[in-house]
Amino acid sequence: MLIIGIAGGTGCGKTTVVDQIVAELPADEVCVISQDSYYKDTSHLSYEERVKINFDHPNSIDFDLLVSHLEELRNNKPIEQPVYSFVEHNRTGETKTTHPRKVIIVEGILILTHPEIRDLFDIKIFVHADSDERLIRRLKRDIAERGRDLDEVLARYQTTLKPMHNQFIEPTKEFADIIIPTNRYNTVAVDVIRTIVNEKLANSREI
Ligand SMILES: Nc1ncnc2c1ncn2[C@@H]1O[C@H](COP(=O)(O)OP(=O)(O)O)[C@@H](O)[C@H]1O
Ligand SMILES: Nc1ccn([C@@H]2O[C@H](COP(=O)(O)O)[C@@H](O)[C@H]2O)c(=O)n1
């Protein structure tokens, strides 16, 4: 089994890179775990209280559940990945059954901040895009897909997102084996990673 961690600031293109890697791999050989699924259950809070949560701080993530799920997958057991709603700022109550695969990709802004999770990764990747580029992408995406407006995204960016990025996310770049620049679409880097993954898969088939 090969476990790959893909980190980087919001809007850097993690999901896009993951989709590009996965697109060329056999569906039954890869699964994806998103850190977003592991935002803490906040059902005990009202919507007004949930909106105020700092979603860019490591304390917002249920790392205990994420670690236990990764351990289960490593032991060849399926897990129930929570489904998260960015509109409700909460888990939906539904889960997605995720089966263990030869390649497990874990992606999220804060996954390299957690020492135990870092140790589980065979390859650690940090996706980098400039902060102005990330803000532009985040604005467009959150308004189009996550039910937000301009003021909400900018306020969140200034109050939590930018300071948390500088304090917690950017420093984890030093743990990365590979840094992918994504100010533009980086097909070369994605090809390199695909080659590494395919080589590992071919070796595991021979054993
Ligand atoms: N290299 C790129 N160039 C331009 N736009 C991109 C690039 N990578 C991603 N995007 C766009 O930016 C937005 C955020 O990308 P996404 O992959 O969701 O980032 P992340 O998962 O890191 O938050 C999406 O709308 C995506 O289509
Ligand atoms: N209810 C929430 C939960 C998280 N966020 C933001 O999502 C970002 C992480 O997701 P990416 O896909 O962008 O990596 C993070 O920066 C949180 O601020 C949110 O807006 N609402």
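In which loop is His 89 found? Select it: His 89 sits in the loop between β3 and β4 (90–98). We'll come back to this residue, but get your bearings before zooming in.

**Ground rules**

This is a predicted model, in which local features need pLDDT of at least 70, side-chain atom pairs count only at pLDDT 80 or more, and totals for chains, interfaces and linings use all residues. Residues are numbered from 1 along each chain as its sequence is written, while chains are lettered from A and ligands numbered from 1 in the order in which they are written.

**Whole chain**

Helices here are DSSP runs of H or I with at least four residues, strands are runs of E with at least two, and both are numbered from the N terminus. Walking from the N terminus, the order is β-α-β-α-α-β-β-β-α-β-α-α-β-α.

Now switch to the C-alpha trace, which spans about 55 × 35 × 30 Å along its principal axes. The radius of gyration is 17 Å, which agrees with the value near 17 Å for a compact globule of 207 residues. That radius is taken over C-alpha atoms, and the globule rule is 2.2 Å times the number of residues to the power 0.38.

Colour by burial next: 31% of the 207 residues count as buried. Buried is 20 or more other C-beta atoms within 10 Å of a residue's own, exposed is 12 or fewer, and partly exposed is in between, with C-beta atoms placed from the backbone.

Then highlight residues 3–188, which UniProt lists, in an unreviewed entry, as "domain: Phosphoribulokinase/uridine kinase". UniProt positions follow the numbering used here, feature names are shortened, and annotations may be inferred rather than shown by experiment. This span is 38% helix and 22% strand, and its end C-alpha atoms lie 21 Å apart.

**Start of the chain**

Select Met 1, in the segment before β1 (2–7). Met 1 is partly exposed, with 14 other C-beta atoms within 10 Å. Beyond its neighbours within four places in sequence, Met 1 is in contact (C-beta atoms, placed from the backbone, within 7 Å) with Arg 74, Lys 102 and Ile 104. Draw a distance to Val 30 as well: the two C-alpha atoms are separated by 9.8 Å, at 29 residues apart along the chain.

**Ligand 1**

Of the 13 residues around ligand 1, Gly 13, Lys 14, Thr 15, Thr 16 and Arg 137 come nearest. A residue counts as near if its C-beta atom, placed from the backbone, lies within 6 Å. Both α1 (14–23) and α5 (131–145) supply at least two shell residues each, and α1 gives the most, with three.

**Ligand 2**

Among the residues surrounding ligand 2 are Thr 10, Gly 11, Lys 14, Asp 36, Tyr 39, Phe 55 and His 89. Sort this shell by type and you get five nonpolar, three polar and three charged. Nonpolar covers Ala, Val, Leu, Ile, Met, Phe, Trp, Tyr, Cys and Pro, charged covers Asp, Glu, Lys and Arg, and the others, Gly among them, are polar.

With 19 C-beta neighbours inside 10 Å, His 89 counts as partly exposed.

Finish at Asn 76, in the loop between α3 (63–74) and β3 (79–85). Asn 76 is not a glycine either, yet has a positive phi of about 65°. Is Asn 76 buried or exposed? Exposed, with 10 other C-beta atoms within 10 Å.

Notes. Two residues are in contact if their C-beta atoms, placed from the backbone, lie within 7 Å.
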